[in-house]
Amino acid sequence: MTLAYDDVVTRYEPVIGLETHVELGTVSKMFCGCSTEFGAEPNTHTCPVCLGLPGALPVVNEVAIESTIRIGLALNCSIAPWSRFARKNYFYPDMPKNYQISQYDEPICVDGYLDVDVEGTTYRVGIERVHMEEDTGKNTHVGGATGRIHGAEYSLVDFNRAGIPLIEIVTKPVPGTGALAPDVAKAYVTELRNILRTLGVSDVRMEQGSLRCDVNTSLNAPGATEWGTRTETKNVNSLRSVERAVRSEMIRQAAVLDAGERVFQETRHFNESTGDTRPGRSKEEATDYRYFPEPDLVPVAPDAAWIERLRTGLPELPAARRVRLRDSLGVSAEDMQQMTNAGVVDLVAATVEAGAAVGEARNWWLGYLVQEANSREIEAAELPIAPEQVARLVVLVADGTLSVALARQVVDGVLQTGADVDAVIAERGLQRVSDTAALEKAADEAIAANPDVADKVRGGKVPAVGALVGAVMKATRGQADAAAVRAILLDRLGVSE
Ligand SMILES: [Zn+2]
């Protein structure tokens, strides 16, 4: 039996934690000069270092260290004056060295935080550490129904990704979020992604795997003195899935606890189509990996002056930018929150910059355009329409050239063809018909074609005129102003209101 979420949160207190892996957008890999470009022919971006050939020696990518320090600073972390790489030993076919170079007990950034706002409350998410490591290659299992190794006929391995700089950002456990735990988790990943994008350190594309999230969830039973056992849901690859994964895991664990059983510490896999999680392997302990300091690399010891230079060179971060834009746009905190959640703050700001009124810019982005983005399952920023185009639409609606309905048709045209607003209007003939003679002619035709309706209206049933308005709108392909058409029809029928 599936428990209701509301029931779960009245009886259990969730604790969440997030581990986020970010592929850095450096030109070359973490420990060699191979390209990091996505989508190349398999095994063309490899060399003796990232293939783990005998005798090859790694060298740390300076830009990767710089990016990591900037991430740490943006997350309010302390930057360690001295940190080291370690070998994390395990076998997996996509990892040619049989160990991953990572950081273990000496990470480069520690003890920061990120504040996120959810429904008017600010939650401070503690950052335990930000550390550097390298990505693995990629296995493709061929011939099975699921694309997983079970049932596959054979597997292929591509080492292009092996050695791409990977940053892991680990939060402290976050208690006290109650029923909003799934929303706080999603808000955290959203804000983190905004920060990483602002820093320009990664393209943060969840669908391509350059931002991947593992979500830890546990439930505290009422009156418990210790936190419950957590599970780790792996590789949750969309913002919506972060929220769904926490929610479904809370419901699942509550059912386990209700039955008097215990939650096992394990990794679980989120299933995008069903929205629930399935057990993976039991969770390894750190000692299983036999970590030891990487003997082929010198310690990382960034000097204080460099760190200060990076600190003063940080761009304006999203939270500060939102405060500034809220003031300059003159919108309410609630509006700002809504625009932030929808990912349209910068789009609205750019639309206003391009000459649109704030309210109209907000309405277009939060309304029709976000709906379009949702139906295409992309971010609003990825829609093929620029803020300047939206601003042009706002102007054309304001001066009466377009009705809102026509403007939507223009948007559809821009999204379909990539042409600009004026070109779409010209090509599709979408200007509003404001030529009174033309409207009167269309009105007379509608009356002639619907004598019964016309008689009803003449006889005092004024609302019946709606059918005639509809006929005129249809005849003018929606390009007339409905109120003007109505007035003309009533006038022609000799009825006054
Ligand atoms: Zn290489």
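Hi everyone, this is a brief walk through a few features of one protein chain. Please keep in mind that the model is predicted.

Let's start with the overall layout.

Now to a helix, α4, which covers residues 239-258. From first C-alpha to last, its 20 residues reach 29 Å, close to the 28 Å expected at 1.5 Å a residue. How many of those residues are buried? The count is 14 of the 20, so α4 is largely enclosed by the rest of the structure. After the helix comes Gly-260, with a positive phi near 80°.

You'll find it in the loop between β9 (165-171) and α3 (181-199). Buried or exposed? Val-174 has 21 C-beta neighbours inside 10 Å, and the cut-off for buried is 20 or more, so Val-174 counts as buried. Leaving out residues up to four places away in sequence, Val-174 touches Val-15, Ile-16, Gly-17, Val-125 and Val-184. Tyr-90, by contrast, is 84 residues from Val-174 in sequence and 30 Å from it in space, C-alpha to C-alpha.

Last, a helix pair. Two packed helices are described by the angle between their axes and the distance between the axes. For α8 (residues 345-353) and α10 (residues 387-398), the axes come within 8 Å and cross at roughly 55°, so the two helices are oblique to each other. The crossing is right-handed. Making the contact are Leu-347, Ala-350 and Thr-351 from α8, with Pro-387, Val-390 and Ala-391 from α10.

Technical notes: Residues numbered from 1 in each chain as written. Predicted model: local features only at pLDDT ≥ 70, side-chain atom pairs only at ≥ 80, totals over all residues. Helix = DSSP H or I, 4+ residues; strand = E, 2+ residues; numbered from the N terminus. Expected span 1.5 Å × (residues − 1). Buried ≥ 20, exposed ≤ 12 C-beta atoms within 10 Å, placed from the backbone. Contact = placed C-beta atoms within 7 Å. Axes fitted to C-alpha atoms, helices over the stretch in contact; angles between N-to-C directions. Parallel < 35°, antiparallel > 145°, perpendicular 65-115°, else oblique. Left-handed = near helix turned anticlockwise from the far one by under 90°.
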